[in-house]
Amino acid sequence: MTLPRNIGAIAAVGLSTMLLAGCVVKNDTVASDTLTVTATDTGCDVSTATAMSGTLVFDVTNAGSDVTEFYLLAEDGRRIVGEAENIAPGASRALTVVVQPGDYFTVCKPGMTGDGVGRAAFTVSG
């Protein structure tokens, strides 16, 4: 009778170890990797137009009078690489994305409709 209990206990410990092995703290971004974005009703100002590949954090602040969104778009200007939505006036939100080298676009959408404002080229180098 103790053999089945021992096998069950070993299996439970093994399963727990496998599940917990995937739980790690994500701390590979540092403050210097943070890019600031100021979204207004008429513009979308990103602190820089270039970055190194890897994990990027866009700290988006809505300085406009309407709820806004911020997008990082792929080279074709259509596909969404990352987005921060429903940013209320006066509020901030962080967008964390992992990017490969290439050409991208940034854009803000005050009112969350239309083509957006302040579309700008954004280059990621390796």
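**Strands, rings and core of a predicted model**

Me: Which residue in β4 is the bridge partner of L35?
Reply: The bridge partner of L35 in β4 is F58. Please note that this is a predicted model.

Me: In what sense do β1 and β4 pair, parallel or antiparallel?
Reply: The two strands pair in the parallel sense, over 6 bridges.

Me: What is the strand order in the open sheet of 4 strands?
Reply: The order is β2-β1-β4-β7, and the pairing is mixed. At the edges are β2 (44-46) and β7, each of which pairs on one side only. From one strand to the next, the twist averages 25°.

Me: Back to F58. Is it buried or exposed?
Reply: F58 is buried, with a relative accessible area of 0%.

Me: How many aromatic pairs does the structure hold?
Reply: It holds 2 aromatic pairs. One of them joins F58 and F70, with 5.2 Å centre to centre and 45° between the planes, which makes the pair tilted.

Me: Why does that pair tie together separate parts of the chain?
Reply: F58 belongs to strand β4 (residues 54-62) and F70 to strand β5 (residues 68-73), so the pair ties together parts that are 12 residues apart in sequence. F70 is buried, and its relative accessible area is 0%.

Me: Which residues do the ring pairs link into a cluster?
Reply: The cluster consists of F58, F70 and F122, linked by ring pairs.

Me: What about the largest nonpolar core: which residues have the most contacts inside it?
Reply: Those residues are L56, F58, F70 and F122, in a core of 19 residues. The elements giving two or more residues to this core are β1 (34-39), β4, β5, β6 (80-87), β7 (92-99), β8 (102-108) and β9 (117-125). As general background, nonpolar side chains in soluble globular proteins tend to be buried together.

Me: Changing topic, where does R119 lie?
Reply: R119 lies over the face of F105, at 5.6 Å from the ring centre.

Me: And the chain as a whole: how many helices and strands are there?
Reply: The chain has 1 helix and 9 strands. Read from the N terminus, the elements run α-β-β-β-β-β-β-β-β-β.

Me: What percentage of the residues in the chain is buried?
Reply: Of the 126 residues in the chain, 27% are buried.

Me: What share of the contacts with a separation of 6 or more comes from residues 24 or more positions apart?
Reply: Residues 24 or more positions apart account for 58% of those contacts.

Key: Residues are numbered from 1 along each chain as its sequence is written. This is a predicted model: local features need pLDDT of at least 70, side-chain atom pairs count only at pLDDT 80 or more; totals for chains, interfaces and linings use all residues. Side-chain values use heavy atoms; hydrogens and water are left out. Rings of Phe, Tyr and Trp (its six-membered ring) pair if their centres lie within 6.5 Å; planes under 30 degrees apart count as stacked, over 60 as edge-to-face and the rest as tilted. Buried means under 20% relative accessible area, exposed over 50%, partly exposed in between (1.4 Å probe, protein chains only). A charge sits over a ring if NZ of Lys or CZ of Arg is within 6 Å of the ring centre and within 35 degrees of the ring normal. A nonpolar core is a set of buried Ala, Val, Leu, Ile, Met, Phe, Trp, Tyr and Cys residues joined through side-chain atoms within 4.5 Å. Two strands pair if DSSP finds at least two bridges between them. Axes are lines fitted to C-alpha atoms, for helices over the stretch in contact, and angles run from 0 to 180 degrees between N-to-C directions. Contact means heavy atoms within 4.5 Å.
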